[in-house]
Amino acid sequence: MKKAVIYGKGNLQIAEMEVPRVEPGKVLIRTSFCAICGTDLHVLEGSFPVSFPYFPGHECSGIVAEAGEGVTMFKKGDRVVWIPYADPCGKCVFCRMGRGNFCLSRTRAELGGFAEYALMEERKIYLLPDAVPLEEGALMEPLSIAVHAIDLAEIKTADRLLIIGGGAIGLLLLQVSRISGATAIIVSEPDEQRRRLAKELGAHGVVDPRAENLAKTVQSWTAGFGVDVVLEAAGVVEACEQSVELVRRGGKIIFVGVVPQGRKVSLSHFDIFSKELVIKGVSPNFLTHQRAVNLLPVISLKPLLTHQYDLPHLVEGLQAFKRREGIKILIRC
Ligand SMILES: [Zn+2]
Ligand SMILES: [Zn+2]
């Protein structure tokens, strides 16, 4: 079978490997789709810390090929989604505090979504709701990140939000925050097509930060107070820095986008101090996957799926992603 391997910075290959043999408690899945995530590109470009060889791809959907001994929840032919995060150790201080996503001895070995087959523990797999096509199911993982980010933002009814970045994560945040009760949401995004899509998906206002004054727009939208929550989903240094100006006193800033490791963001200490700001980061966790699966049928995902490539052309897909073409790029495995 074919499987993508990153051997080091800039060196991605589609390797030929044996199809894994099914093991007790595990399920062999014929992968249908795996979507490209920003971190796949960051790993390839060397700006996201991993150990090599690295098996990219973690936004997957597929069909069960064979269920191992003792598997009770899945059978051959089931349509499924899964997240191939590596297991936490269960023993370290963070695992014992219930924070397995911070596990000290977690390797990043699992992943490997860009492959024809995956062998996965039963507990990491979810049945895809009937109404959801396999293409859309591949977005369960980014949707789980959006759910986690909205949890951290503690959105209240009638909250006013600014979402910076109208890419896939920004557009998922937009939809989840609406469901969670936000009633005024501005999306800041330089790309016209993405702004239009944000409008269609329920943004109350859109701003082109290159042509308009974002701070002024936010002020006029909020009678000078600033928004309750800023969700930064672009990973842009300047946007992170500006967010302390745009949020109201006592408001929250959630950093969902990834600024490359090593890049510094300089924030006004005085603004954070005097406005009593809360700033949170969002790291993937295991606790929002089920809720993301539950949300799949009620979120609009189809408009986000703009491009498809076959697995041997993964690098072309990554290049298209880098050129910011479309919204979400699916790899047909
Ligand atoms: Zn991702
Ligand atoms: Zn641990």
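Domain 1 covers 2–139 + 301–332 and domain 2 covers 146–281, with bounds that come from an automatic or database domain assignment. The C-alpha centres of domain 1 and domain 2 lie 28 Å apart.

## How the model is read

Residues are numbered from 1 along each chain as its sequence is written, while chains are lettered from A and ligands numbered from 1 in the order in which they are written. Because this is a predicted model, local features need pLDDT of at least 70 and side-chain atom pairs count only at pLDDT 80 or more, whereas totals for chains, interfaces and linings use all residues.

## The chain as a whole

The secondary structure of the chain comes to 11 helices and 15 strands, which are DSSP runs numbered from the N terminus (helices are H or I, at least four residues; strands are E, at least two). The radius of gyration of the chain is 20 Å, close to the 20 Å that the globule rule gives for 333 residues, so the chain is as compact as a globular protein of that length; the radius is taken over C-alpha atoms, and the rule is 2.2 Å times the number of residues to the power 0.38. Along its principal axes, the C-alpha trace spans about 60 × 45 × 40 Å. Among contacts between residues at least 6 apart in sequence, 70% join residues at least 24 apart.

## The buried core

Buried residues make up 43% of the 333 residues in the chain; a residue is buried if 20 or more other C-beta atoms lie within 10 Å of its own, exposed if 12 or fewer, and partly exposed in between. The largest nonpolar core has 99 residues, and the members that touch the most others include Leu-143, Ala-149 and Val-256. Helix α4 gives the largest share of this core, 8 residues, and the core draws at least three residues from each of domain 1 and domain 2. Such a core is a set of buried Ala, Val, Leu, Ile, Met, Phe, Trp, Tyr and Cys residues joined through C-beta atoms within 7 Å.

Leaving aside residues up to four places away in sequence, Val-256 touches several residues, among them Ala-149, Leu-231 and Val-282. In helix α8 (residues 237–246), the buried residues include Ala-239, Cys-240 and Leu-246, and the buried residues of α8 pack against β8, α7, β11, β12 and α9.

## Details of the backbone

Strands β1 (residues 2–8) and β2 (residues 11–16) pair in the antiparallel sense over 6 bridges, where pairing requires that DSSP finds at least two bridges between two strands. The two strands form a hairpin with 2 residues between them, and Gly-10 in the turn has a positive phi of about 75°.

Glu-154, although not a glycine, has a positive phi of about 45°; Glu-154 lies in the loop between α4 and β8 and is partly exposed, with 14 other C-beta atoms within 10 Å. A cis peptide bond, with omega about -5°, joins Phe-52 and Pro-53, and Pro-53 is found in the loop between α1 and β4.

Definitions and conventions. Two residues are in contact if their C-beta atoms, placed from the backbone, lie within 7 Å.
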